[in-house]
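Take a moment to look over the chain before reading on. We'll start with a term, then walk through the helices.

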Amino acid sequence: MLNEAENAAPLYAEAFAALAPVEATSPSFLAQTQKALELLHQAVSRKKCRYPIDLTKGHATIVPHLSKIKKSVQLLSQAANSHAAKGQMGPAAQSLLDGLHLARSLEEEPFLISYLVRNAMEAIIKNGLEAVLNRKAFTDEQLVRLQAAFREAESRGLMTR
């Protein structure tokens with residue numbers, strides 16, 4: 001069992017609770033979710049993640065965190081695009097990397113839906129990367145970090161559980 005200092009899930013849960021009650025496509029979404037964004041960036045410091053779900057319910061297990069993960073990944077993608085628009089490529093790259101980290105938080109869950117959501121979140125981050133690259137180029141170092149993170153996401157893409 002993970003202790004709270006190792007587990008990113010409590011920080012993610014705080015971030016999910018701080019998400020603005022508006023649609024992720026709303027122009028005000030990014031501005032209204034700064035606290036959630038800060039918590040999402042903090043969660044990356046924790047390498048493991050176990051969301052509090054009761055697996056004893058089998059196919060009836062409730063996984064409410066999946067929709068919040070989607071909204072959070074959309075937020076990180078928007079933040080990356082916003083940073084790139086201001087020429088802040090370091091924070092743009094970090095937002096994309098943190099989005100991949102959040103998607104990867106589902107890799108230990110033994111549900112097909114979690115696997116599918118993870119893949120969809122990686123696609124959102126890939127689209128975010130494309131949008132950022134259409135604005136401004138990353139440094140070679142940033143590109144290497146992003147390439148390594150995407151390569152790792154692909155190598156972990158197999159559904160093993």
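Helices here are DSSP runs (H or I, at least four residues), as strands are (E, at least two), and both are numbered from the N terminus. This is a predicted model, where local features need pLDDT of at least 70, side-chain atom pairs count only at pLDDT 80 or more, and totals for chains, interfaces and linings use all residues. Residues are numbered from 1 along each chain as its sequence is written, and side-chain values use heavy atoms, with hydrogens and water left out.

The chain averages 90, and 95% of the residues score at least 70.

Now find helix α3, residues 34-43, whose buried residues are Ala 36, Leu 37, Leu 39, Leu 40 and Ala 43. Looking down the axis of α3, you'd see these buried residues fall within an arc of 165°, so they line one face of the helix. (That arc is taken from the directions from the helix axis to the C-beta atoms.) Buried means under 20% relative accessible area, exposed means over 50%, and partly exposed is in between, using a 1.4 Å probe and protein chains only. The cover over the buried residues of α3 includes α1 (9-17), α2 (29-32), α4 (65-85) and α5 (89-104).

Over in α4 sits Ser 72. Ser 72 is buried, at a relative accessible area of 0%. Leaving aside residues up to four places away in sequence, Ser 72 touches Phe 16, Leu 19, Leu 40 and Leu 102, a contact being heavy atoms within 4.5 Å.

Where is the salt bridge? The side chains of Glu 122 and Arg 118 form one, at 3.3 Å from N to O. The term needs a side-chain nitrogen of Lys or Arg within 4 Å of a carboxyl oxygen of Asp or Glu, and a search of the whole structure finds one. Glu 122 and Arg 118 are four residues apart in helix α6, so about one helical turn separates them. Glu 122 is buried at 9% relative accessible area, and Arg 118 is buried too, at 3%.

Helix α6 also holds Lys 126, which is partly exposed at 40% relative accessibility. Not counting residues up to four places away in sequence, Lys 126 touches Phe 150 and Glu 154. The C-alpha atoms of Lys 126 and Tyr 115 are 17 Å apart, with the two residues 11 apart along the chain.

Methods: pLDDT = per-residue confidence, 0-100.
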